[in-house]
Structure formats: structure tokens, C-alpha cells
Amino acid sequence: MDDFDKIELTDEIKVKLREKQAEIVRIMEALDGLEKTKDWKVLKELLFAPSLEAIERQMRNEVLAPKIDIEKLYRLQGEWAWARQYTDLPAFIKTLKTQLEGIKNKLK
């Protein structure tokens, strides 16, 4: 259940949902086009993949530490989620499609 299940769908909320729907579609189209470019492959290989590996290494080190710093681990988890979405665009697009489907269902 998400936040929209708890509120009445007024005309104003429907307009906001349609705006969000259009925004998600534009993002998906842009990501789909971006993923096919040579430049994106270079950025992924040289920037995002190494960043993801470094974050994963830091997470492993933190988990294996004698005393775990929970705040640091939570921060690393957030960084990991961010880096992962940019190294795995198809999974990110799938997440966006799920959001889009949720919005469509709300507007029915």
C-alpha cells in the first residue's frame, strides 16, 4: 500500500498523478536512448562500475568490522542503491515501469 491509497483522488491529485506519469515516461525514454550510446558505456565502465565496487568493498569491510557503525552502513547502503541504479539501467527502468503501472491503476 502506498501513500495514494490513503487519500481521496481529487481532480487536483489526478492532475499531479498525470504529470508524474508523463515525467516517468520521459525519463524511461531518455534512459532507453542513453543506454544505447557509446558514451554511456564509457561512463558506466570508467565511473559508475568502479564506484559501485568501491562502495560494496566498504560495505563488506564495515560488516566484518568488530564494531559495526550502523550510521555508516546505512549511508553506504544509500550510496550503493544510487550507484546500482546507474550501473543497471534495465533494472532501474523496470522500477520506473512499476511506478508507472501503480499510477495507471490509481487513475482507473
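This is a short walk through the structure, stop by stop, with something to select at each one.

Before clicking, note that the model is predicted: local features need pLDDT of at least 70, side-chain atom pairs count only at pLDDT 80 or more, and totals for chains, interfaces and linings use all residues. Residues are numbered from 1 along each chain as its sequence is written, and side-chain values use heavy atoms, with hydrogens and water left out.

**Stop 1: helix α1**

Select residues 11–35, which make up helix α1. Helices here are DSSP runs (H or I, at least four residues), numbered from the N terminus. How far apart are the end C-alpha atoms of α1? They are 36 Å apart, which agrees with the 36 Å that 25 residues should span at 1.5 Å a residue; the expected span is 1.5 Å times one less than the number of residues.

Now show the side chains of Ile13, Leu17, Gln21, Ile24, Met28 and Leu31, the buried residues of α1. Buried means under 20% relative accessible area, exposed means over 50%, and partly exposed is in between (1.4 Å probe, protein chains only). What covers these buried residues includes α4 (89–107), where contact means heavy atoms within 4.5 Å.

While α4 is on screen, pick glutamine 99, which sits in that helix. Glutamine 99 is partly exposed, at 39% relative accessible area.

**Stop 2: aspartate 32 and lysine 36**

Next, select aspartate 32 and lysine 36, whose side chains meet in a salt bridge at 3.4 Å, N to O. The cut-off for a salt bridge is a side-chain nitrogen of Lys or Arg within 4 Å of a carboxyl oxygen of Asp or Glu. Aspartate 32 is partly exposed at 35% relative accessibility, while lysine 36 is exposed at 62%. A search of the whole structure turns up five salt bridges, and two others come up on this tour.

**Stop 3: glutamate 62**

Jump to glutamate 62, in helix α2. Is this residue buried or exposed? It is buried, because its relative accessibility is 7%.

Show what surrounds it: leaving aside neighbours within four places in sequence, glutamate 62 is in contact with Lys67, Ile68, Asp69, Lys72 and Leu73. Its side chain reaches the backbone nitrogen of aspartate 69 at 2.6 Å.

Lysine 72 is partly exposed, at 31% relative accessibility.

**Stop 4: leucine 73**

Step along to leucine 73, in helix α3. Leucine 73 is buried, at 15% relative accessibility. Which residues does leucine 73 touch, not counting those up to four places away in sequence? They are Met59, Glu62, Val63 and Ile68.

**Stop 5: along α3**

An α-helix has 3.6 residues a turn, so residues three or four places apart point the same way. Glutamate 79 is partly exposed at 29%, and so is arginine 75 at 42%.

**Stop 6: a nonpolar patch**

Finish by showing the surface and colouring Ile68, Ile70 and Tyr74, which form a nonpolar patch with about 310 Å² of accessible area together. Patches are made of residues with over 30% relative accessible area and no salt bridge: like charges are joined within 9 Å, nonpolar side chains (Val, Leu, Ile, Met, Phe, Trp, Tyr) within 5 Å. Areas come from the Shrake-Rupley method with a 1.4 Å probe; for residues, only the protein chains shown count as cover.

Isoleucine 68 lies in the loop between α2 (38–64) and α3 (70–87), and is partly exposed at 37%.

Terms used:
Helix = DSSP H or I, 4+ residues; strand = E, 2+ residues; numbered from the N terminus. Polar contact = N/O pair within 3.5 Å; in protein donor to acceptor, adjacent residues only side chain to side chain.
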